[in-house]
Protein chains: 2
Amino acid sequence: MANSTSGDSVVDRILRLIAAFPEGVTALQLSDLAARAELPLTTAHRLVRQLAGHGLLDVGPGGSVSLGLRLWELVNRNSPTLELRQAALPFMEDIQQVLNQNVNLAVLDGWEALFVERLSRRGSVANRAQVAGRMPVHVSSAGLVLMANQTHAVQMDYLDGFSDPTGKLVREDLGALLGEAAHQGYAQLAGVVDPDTWGIAVPVLDRRKRAVAALGVVVPLREVRLQALVPALQTAARGIGRRLGESRETIEFHSTESM
Amino acid sequence: MANSTSGDSVVDRILRLIAAFPEGVTALQLSDLAARAELPLTTAHRLVRQLAGHGLLDVGPGGSVSLGLRLWELVNRNSPTLELRQAALPFMEDIQQVLNQNVNLAVLDGWEALFVERLSRRGSVANRAQVAGRMPVHVSSAGLVLMANQTHAVQMDYLDGFSDPTGKLVREDLGALLGEAAHQGYAQLAGVVDPDTWGIAVPVLDRRKRAVAALGVVVPLREVRLQALVPALQTAARGIGRRLGESRETIEFHSTESM
């Protein structure tokens, strides 16, 4: 089979189609989809038909295209975040119950925090369906505490490439924030969306002491009681880290082959 | 571009790779993955590398392959179930709070109920990370009530093809169950996994009165109080149906183009 060139571009085109949906938009007309994916309409049409034939996309009665239920099922059945979320959810619920605050769990992906799970404080369940949001490292407590626990080389790489589009934060200040988060064992930061809330996050360390996630709360400013919040978060994070090692042994398949 | 044949087979091979992970298994060694996907090792190796290059798969340090964080993000950011789950979650939480029971939400996919959301009764949060489970129509109250609300033609098609591998349920009994569920407006069924629990489900009707989902509870046998459970579920289902129409208008993009 020598079609690696065309194969590669098919993969590329598939990714462009899947990535073309703006956040929270579940259906697009084909012409919109083709334009957003920067594909010719005929190419998009043909590929959408192929993908829909395999259940990776769905085409509705009015011709609107959405991600396929089968794709959603396959990805969530074997989610790369499944182990982490399964380990974390009981402890996240503890935090939610004890502190009655919004609780979130994030991983570092590039220079961004990707939120993989979220529990809202009681009475505000609406957000829960929306996970998979992203925030730049420097504007999220989860991002800061994750970066603060990376190797020196990764941190330098990040700081060297850093520039704040608003011009408010310079490299030196950011370096100081990271140093502080590493020293204190948590990061705190005023909310970006709502400046009357604060985010507080601690690292979740696996058995090899790598920071694999950040556990955080978003708290109204008047309710920030670090002496209560931080120990509770740190206790929960230790519990998650312990569970993480246990479940890995049970759900990962092993073989002698390596790539 | 005339590579529709090779393009088609690339789509097919990609699906086989993604679908090769057994439920709940998040990482496979390449040789296992190739065997399960029924692909030659060299083909699997090349395709995994391409997909990993685009973030659709991840290759770990030990050579284990998992679904990519980017794929998870893209699919959940624009989940085909997002609208339904967003509409349903506040009402599902109401049921969870008022009745303190496990609540679930399912859609019909082929002849199976696909569970797209689940809230566990307080103190048993562990299940929540595992959605995307499936159950055959005839062994789930959600499946029965969804099928009972399909057109006569769909029901006949389903019944004609039905055969129970255990031999316990015959076509006539199943037809009677569907008729009863349609007449009563709910379905109830003893648990398959745990016979001491009962599932009870009602249909969620959209504005055109199509059954787009089933809302259900799983209840210990001694706590089955239909006179309390069914009206609460039906009330919540009506609320979901109303919300569904509202949100569709805000999140779907419209254009004049159709396929």
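Trainee: If contact means heavy atoms within 4.5 Å, what share of the contacts in chain A between residues at least 6 apart in sequence join residues at least 24 apart?

Mentor: Bearing in mind that this is a predicted model, the share is 50% of the contacts in chain A between residues at least 6 apart in sequence. Chain A has 9 helices and 9 strands, and of its 259 residues 53% count as buried.

Trainee: And which residues have the most contacts inside the largest nonpolar core?

Mentor: Those are A:Leu215 and B:Leu215, in a core of 114 residues. Leaving aside residues up to four places away in sequence, B:Leu215 touches a set that includes B:Met92, B:Val103, B:Leu105, B:Ile200, B:Val202, B:Leu233 and B:Ile240, and B:Asn104 is also among them.

Trainee: Switching to helix packing, at what angle do H6 and H8 of chain B pack?

Mentor: Helix H6, residues 141–148 of chain B, packs against helix H8, residues 171–184 of chain B, at an angle of about 75°, and their axes are 8 Å apart. Since angles of 65 to 115 degrees count as roughly perpendicular, H6(B) and H8(B) are therefore described as roughly perpendicular to each other.

Trainee: Okay, charges then: how many salt bridges are found over all chains?

Mentor: A search of the whole structure finds 16 of them. One is between B:Arg70 and B:Glu73, whose closest N and O atoms are 3.8 Å apart. These two residues are 3 apart in helix H4 of chain B, residues 69–77, and so about one helical turn separates them.

Trainee: Are B:Arg70 and B:Glu73 buried or exposed?

Mentor: They fall into separate classes, because B:Arg70 has 30% relative accessibility and counts as partly exposed, whereas B:Glu73 has a relative accessible area of 2% and is buried.

Trainee: What about the salt bridge of B:Arg85 and B:Glu117, how far apart are N and O?

Mentor: The N to O distance is 3.1 Å for the side chains of B:Arg85 and B:Glu117. This pair links distant parts of the chain, with B:Arg85 in helix H5 (residues 82–99) and B:Glu117 in strand E5 (residues 112–119) of chain B, 32 residues apart. B:Arg85 is buried, at a relative accessible area of 9%, and B:Glu117 also counts as buried, at 2% relative accessibility.

Trainee: And B:Asp160, which residue does its side chain meet in a salt bridge?

Mentor: The partner is B:Arg171, at 2.3 Å from N to O. B:Asp160 is in helix H7 (residues 152–161) and B:Arg171 in helix H8 of chain B, 11 residues apart, and the pair again links distant parts of the chain. B:Asp160 counts as exposed at 57% relative accessibility, while B:Arg171, with a relative accessible area of 30%, is partly exposed.

Trainee: Which residues do salt bridges that share partners join into one network?

Mentor: That network joins A:Arg70, A:Glu73, B:Asp109, B:Glu112 and B:Arg134.

Trainee: Last one: where is B:Trp72 found?

Mentor: B:Trp72 is in helix H4 of chain B and counts as buried at 1% relative accessibility. The C-alpha atoms of B:Trp72 and B:Gly55 are separated by 9.6 Å, the two residues being 17 apart along the chain.

Conventions: Residues numbered from 1 in each chain as written. Chains lettered and ligands numbered in written order. Predicted model: local features only at pLDDT ≥ 70, side-chain atom pairs only at ≥ 80, totals over all residues. Heavy atoms only, no water. Core = buried A, V, L, I, M, F, W, Y, C linked by side-chain atoms within 4.5 Å. Buried < 20%, exposed > 50% of the residue type's maximum accessible area, 1.4 Å probe, protein only. Contact = heavy atoms within 4.5 Å. Axes fitted to C-alpha atoms, helices over the stretch in contact; angles between N-to-C directions. Helix = DSSP H or I, 4+ residues; strand = E, 2+ residues; numbered from the N terminus. Parallel < 35°, antiparallel > 145°, perpendicular 65-115°, else oblique. Salt bridge = Lys/Arg side-chain N within 4 Å of Asp/Glu carboxyl O.
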